[in-house]
Amino acid sequence: MASVSLLSIIEKMKLENLTPEIELKEIKINQPDINRPALQLAGYFEHYEASRLQIIGFVEYTYMESLSKKRKEEIYNKLLSCPIPCIVFCRELLPDELFKKIAIEKGVPLFMTKKATSAFTAEIIRWLNVQLAPCISVHGVLVDVYGEGVLITGESGIGKSEAALELVKRGHRLVTDDVVEIRKVSDDTLIGSAPNITKHFIELRGIGIIDVKTLFGVSSVKDTQGIDLVIRLEDWSKDKEYDRLGLEEEYTEYLGNKVVCHNIPIRPGRNLAVICESAAINHRQKKMGYNAAQELYKRVQESLSKKRDEDDE
């Protein structure tokens with residue numbers, strides 16, 4: 001099961017540690033959901049998701065302040081005895097001394113953030129969803145072309161890296177070469193990124209490894225990108241029929257999500273960068289409601305209909 005270390009969450013969210021006495025290295029979060037323990041503070045512990053990151057906002061805080069000392073001891077002990085990975089107080093709110101004392105005894109780390117509760121909740125859920133999403137690695141190149149994430153695949157040596165380099169020279173942005181880590185962050189969205197080792201590098205046969213960020217500047221690279229389109233490069237075969245109209249979309253599947261896929265035959269003289277650019281723009285155009293293939297089909301049908309009418313006359 002995927003997990004995220006608590007230390008990485010502290011660094012990412014810039015949390016202030018209120019309980020430095022507690023060792024944090026071994027604490028991990030393994031689900032992207034959070035919990036606001038309002039009902040638990042009121043004494044209802046049925047269906048309590050204690051393993052989630054817990055967030056206390058202004059409503060929970062003011063309720064805690066209203067409790068008597070005896071009730072605080074009772075409810076704090078019960079709450080903090082659960083296997084809680086950590087509790088975050090939002091809006092610069094600070095727990096009272098009793099809560100802090102019991103938390104240290106039970107080994108539950110406490111943190112504080114200046115952010116509003118809703119803003120922090122949305123940000124941590126979005127980030128955890130990406131970090132804990134199902135992940136696979138595929139052989140290919142991912143480039144941001146006019147805002148569309150284009151995943152270029154194909155057999156080794158067919159020209160994927162060369163196409164990516166040409167696209168970078170034309171002003172587009174490289175996400176990763178050779179290995180693409182694909183994460184399913186929702187039922188509609190796949191996010192691609194580079195392994196840390198190969199980030200910003202391209203391998204060119206005959207030349208070796210080049211650092212795209214150093215050669216072309218920071219505007220030529222990108223850390224992550226949604227995958228909108230797959231271009232599969234293959235050697236041209238005269239015996240194979242290739243789609244020349246594009247009336248029906250072809251798809252490929254990653255982690256259960258379907259992505260539009262184009263099979264592009266490779267022959268000497270074909271400019272792969274221009275083909276990738278055209279495919280990206282065409283895909284974007286389709287998303288905006290215009291389909292060139294359907295427009296051509298419509299014109300042909302209208303022309304045939306007009307010709308039949310003339311013949312009937």
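Reply: E277 counts as buried, because its relative accessibility is 8%; here buried means under 20% relative accessible area, exposed over 50% and partly exposed in between, found with a 1.4 Å probe and counting protein chains only. The model is predicted, so local features need pLDDT of at least 70 and side-chain atom pairs count only at pLDDT 80 or more, while totals for chains, interfaces and linings use all residues. Residues are numbered from 1 along each chain as its sequence is written, and side-chain values use heavy atoms, with hydrogens and water left out.

E277 belongs to helix α9, where the other buried residues include L272, A273, I275 and C276. Helices (H or I, at least four residues) and strands (E, at least two) are DSSP runs, numbered from the N terminus. Helix α9 covers residues 272-287, which is 16 residues, and spans 23 Å from its first C-alpha to its last, close to the expected 22 Å. The expected span is 1.5 Å times one less than the number of residues. What do the buried residues of α9 pack against? They pack against β9, β10, α7, β17 and β19, where contact means heavy atoms within 4.5 Å.

E277 also has a charged partner. Side chains of opposite charge can pair when their charged atoms come close. R170 and E277 form a salt bridge, with their closest N and O atoms 3.0 Å apart. This pair links distant parts of the chain, since R170 is in the loop between α7 and β11 (173-176) and E277 is in α9, 107 residues apart. R170 is partly exposed, with a relative accessible area of 39%, whereas E277 is buried. A salt bridge is counted when a side-chain nitrogen of Lys or Arg is within 4 Å of a carboxyl oxygen of Asp or Glu. By this rule there are 17 salt bridges.

Another of these salt bridges joins D187 and K184, at 4.0 Å between the closest N and O atoms. D187 counts as exposed, at 63% relative accessibility. Elsewhere, salt bridges with shared partners join D144, R173 and K222 into one network. Within it, the side chains of D144 and K222 meet at 3.2 Å, N to O. D144 lies in strand β9 and K222 in the loop between α8 and β16, so this pair ties together parts 78 residues apart in sequence. D144 counts as buried at 5% relative accessibility, and K222 as partly exposed at 24%.

The loop between α8 (212-216) and β16 (224-226) also holds D223. D223 is partly exposed, with a relative accessible area of 45%. Leaving aside residues up to four places away in sequence, D223 touches V175, G192, S193, A194, K199 and H200. D223 and E241 are 18 residues apart in sequence, yet their C-alpha atoms are 37 Å apart in space.

Helix α6 (residues 117-131) has 15 residues and reaches 21 Å from its first C-alpha to its last, close to the 21 Å expected. Its buried residues are T117, F120, T121, I124, W127 and L128. Seen down the axis of α6, these fall within an arc of 145 degrees, so they line one face of the helix; the arc is taken from the directions from the helix axis to the C-beta atoms.
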